[in-house]
Amino acid sequence: MTTMTQSDKVFRYVRSHILEGGYAPGAKLKLGDLAQSCDVSLGAVREALSKLSADGFVVPESQKGYRVADISPEELIDLTNVRMSIEGLCLRASIERGDIEWETGIVAAYHRLSRLSEPSEDDPLRVDENWSVAHGEFHYRLVCACGSATLLRIREQLYAQAERYRRLSLPLKTSMRDVNGEHKAIMDATLARKPDEACELMNRHLLRTSRILLESHLFSNR
C-alpha cells in the first residue's frame with residue numbers, strides 16, 4: 001500500500017478545491033495558509049504546487065508565488081481540439097489491439113457509471129465525486145489497450161486539465177443532455193470494432209461540453 005506524502009496531501013487538497021470551485025480561476029494561493037490548513041511544511045506545499053503547475057492547474061508568479069490558472073474560451077477550444085486528436089489515437093489503437101479482458105473492463109466501467117448520478121445529492125450544481133471517479137475510469141478503460149504509455153500519459157494530463165471545464169458545464173446545461181446515452185453509444189461502437197464511428201461519437205461527446213461553456217456567459221467578464 002502506497003503511503004501518502006505531505007506533498008501528495010497538499011496536491012489533492014488544492015486540486016479538489018480548484019475542481020470544486022473553492023479556489024476561483026486567478027486566485028492567489030498563499031503558501032503559509034496551505035501549509036497550516038494541511039499541517040505540512042512549506043517545502044511540501046512548494047513541491048505540490050510545482051506538480052500542479054506541470055498539470056496546468058496553477059501558474060507560478062514572481063517571488064515564488066502561485067495562483068490558480070485562469071480559464072478562457074481560447075484555451076478551451078485548443079484543449080478540446082487536442083483532446084479529440086489524442087483520444088482518437090488512443091481509441092483507434094485500443095480497438096485494434098484490445099482483447100476480451102479490455103472489453104470486459106469497458107462494460108464493467110460503463111455499468112458502474114450508468115448506476116450513478118452526475119449531480120450531487122447535496123448540491124445539484126456540483127458533480128458527485130463518485131460519478132466523477134467512475135466517469136474517469138470509463139473513459140480510461142476505452143483507451144487503455146492502446147499500447148503506448150506515452151500517449152496515455154499525455155491523455156491523462158489533457159483529461160485532468162479538461163476536468164475543470166467539464167465540471168463548470170454542469171450548472172449551465174439549459175437543455176436535456178443524455179450523457180449516459182452518449183457513453184453507451186461510444187461503448188457500443190468501440191466493442192463493435194468500428195473505429196471511425198467510435199471516434200466520431202467521442203468527438204461529439206467532447207464538443208458538446210465545450211459548446212455548452214462557449215455559448216454561456218461564463219467568459220463574458222474575463
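Which residue in E3 does Pro 60 stand opposite? I found Tyr 66 there.

Ground rules before I go on. This is a predicted model, where local features need pLDDT of at least 70 and side-chain atom pairs count only at pLDDT 80 or more, while totals for chains, interfaces and linings use all residues. Residues are numbered from 1 along each chain as its sequence is written, and side-chain values use heavy atoms, with hydrogens and water left out.

**Sheet**

I looked up the strand order and got E1-E3-E2, an open sheet of three strands with antiparallel pairing. E1 (28–29) and E2 (58–60) are at the edges with a single partner strand each, so one side of each has no neighbour in the sheet. E2 and E3 (residues 66–68) are joined by three bridges. For my own reference, strands are DSSP runs of E with at least two residues, helices are runs of H or I with at least four, and both are numbered from the N terminus. Two strands count as paired if DSSP finds at least two bridges between them.

**Helix H6**

Next I checked the length of H6 (residues 129–143). Its 15 residues should span 21 Å at 1.5 Å a residue, and the end C-alpha atoms are 22 Å apart, which agrees. The expected span is 1.5 Å times one less than the number of residues.

At the N-terminal end I found a cap: a side-chain oxygen of Asp 128 lies 3.0 Å from the backbone nitrogen of Asn 130.

I then listed what is buried in H6; among these residues are Trp 131, His 135, Phe 138, His 139 and Leu 142. Buried is under 20% relative accessible area, exposed is over 50%, and partly exposed is in between (1.4 Å probe, protein chains only). The cover over them includes H4 (73–97), H5 (100–114), H7 (149–169), H8 (179–191) and H9 (195–214).

**Cores**

In soluble globular proteins, nonpolar side chains tend to be buried together. So I looked for nonpolar cores, meaning sets of buried Ala, Val, Leu, Ile, Met, Phe, Trp, Tyr and Cys residues joined through side-chain atoms within 4.5 Å. The largest has 37 residues, and Leu 91, Phe 138, Leu 142 and Tyr 165 have the most contacts inside it. H4, H5, H6, H7, H8 and H9 each give two or more residues to this core. H4 gives the most, with eight.

I followed up Leu 91: leaving out residues up to four places away in sequence, it touches Leu 142, Val 143, Thr 190, Ala 198, Cys 199 and Met 202. Contact here means heavy atoms within 4.5 Å. There is also a second, separate core of 22 residues, including Phe 11, Val 14, Leu 31 and Tyr 66.

**Cysteines**

How many disulfides does a search of the whole structure find? I got zero, with the cut-off at a pair of cysteine sulfur atoms within 2.5 Å. For Cys 144 the nearest cysteine sulfur, in Cys 146, is 8.1 Å away. Cys 144 is partly exposed, at 23% relative accessibility. Cys 199 is buried at 8%, and its sulfur is 9.9 Å from the closest one, in Cys 90, too far for a bond.

I noted two non-glycine residues with positive phi. Asp 39 has about 55°; this residue is in the loop between H2 (31–38) and H3 (42–54) and is exposed, at 63%. Arg 193 has phi near 60°; this one is in the loop between H8 and H9 and is partly exposed, at 31%.

Key. Polar contact = N/O pair within 3.5 Å; in protein donor to acceptor, adjacent residues only side chain to side chain.
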